[in-house]
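Colleague: Let's go through this model together. I'll ask, you answer.

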Amino acid sequence: MAFRTLNAQVSGLDADAAMRASLDALEQKNYQKALSDLRPALQFRPEDPTVLNLKGAILTKTKDYAGARLCYESALKASPRFFPASYNLGALLALQQQWDSAITYFRNLLIDQPNNELVEYKLLLLLLARNADPELQKRLFDSPTPSNTPAWYYASAARSYKKGDPSKASQYIKVAKSIFGEKTEIFQEELDESGLNQNKQ
């Protein structure tokens, strides 16, 4: 029994190390290495939603959207309330330019998680990019006061880009990065993917 317990501990450490190595490779945009590094974690924790979600994120970067979807769905099967996989499933729809489906998905996710500013921000980006539902656009981040995440600043930046004012947008982003640092990364990534900040410099 002690031997089995020790083996389980070693396996867990191996999985943790594999996850860290895979994340590092993903950040360096070395996607094949990220997948390779993740294999021990998938072997030791085949139903761990965090591991499955990471594999999905890597496959998303390689544009293997069908494979990524399977990973996210498997993560949610293992843990139905696992937010990262829920979010990433919706993001896949946008990456595949299934705009109406993506907007509907994030509307529903916001109903399910009404205080989640990342979901609210993603929905706003989709609506701005597609010129959809101006009334809902107005209601998202309608407070004049910044929130305690980067979302308000990035929402304001997105609106400024949409109005053709990249200088003002840049000011919002600069303030957000000075306050929140690395926490702005996903907001910046979503802004870049939306295309709202392209061709307006």
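Colleague: By about how much of a helical turn are K33 and D37 separated?

Modeller: Both residues belong to helix α2 (residues 31–44); helices here are DSSP runs of H or I, at least four residues, numbered from the N terminus. K33 and D37 are four residues apart, so the separation is about one helical turn.

Colleague: What is the basis of the model and its numbering?

Modeller: This is a predicted model: local features need pLDDT of at least 70, side-chain atom pairs count only at pLDDT 80 or more, and totals for chains, interfaces and linings use all residues. Side-chain values use heavy atoms, without hydrogens or water, and residues are numbered from 1 along each chain as its sequence is written.

Colleague: What N to O distance do K33 and D37 show?

Modeller: Side chains of opposite charge can pair when their charged atoms come close. K33 and D37 form a salt bridge (side-chain nitrogen of Lys or Arg within 4 Å of a carboxyl oxygen of Asp or Glu). Their N to O distance is 2.6 Å.

Colleague: Is D37 buried or exposed?

Modeller: Buried means under 20% relative accessible area, exposed over 50%, partly exposed in between (1.4 Å probe, protein chains only). K33 has 40%, so K33 is partly exposed. D37 has 18%, so D37 is buried.

Colleague: R81 forms a salt bridge with which residue?

Modeller: R81 lies in the loop between α4 and α5, and its partner lies 31 residues away in helix α6 (residues 99–112). R81 is exposed at 60%. The closest N and O atoms are 3.1 Å apart, and the partner is D112.

Colleague: How many residues apart in sequence are K122 and E190?

Modeller: The two side chains meet in a salt bridge of 2.7 Å, N to O. Both K122 and E190 are buried. K122 lies in helix α7 (residues 117–130) and E190 in helix α11, so the pair ties together parts whose separation in sequence is 68 residues.

Colleague: How many salt bridges does the structure hold?

Modeller: Salt bridges also link D16, R45 and D48 in a network. For the structure, the count is nine.

Colleague: Which helix gives the largest share of the lining of the largest pocket?

Modeller: A pocket is an open set of 1 Å grid points where a 1.4 Å probe fits, with protein on both sides within 12 Å along at least five of seven lines; lining residues have an atom within 4 Å of a point. Of the 28 lining residues, the closest to the centre include K61 and E189. α1 (2–27) and α3 (49–61) are among the helices that each supply at least two. The largest share, seven residues, comes from α5.
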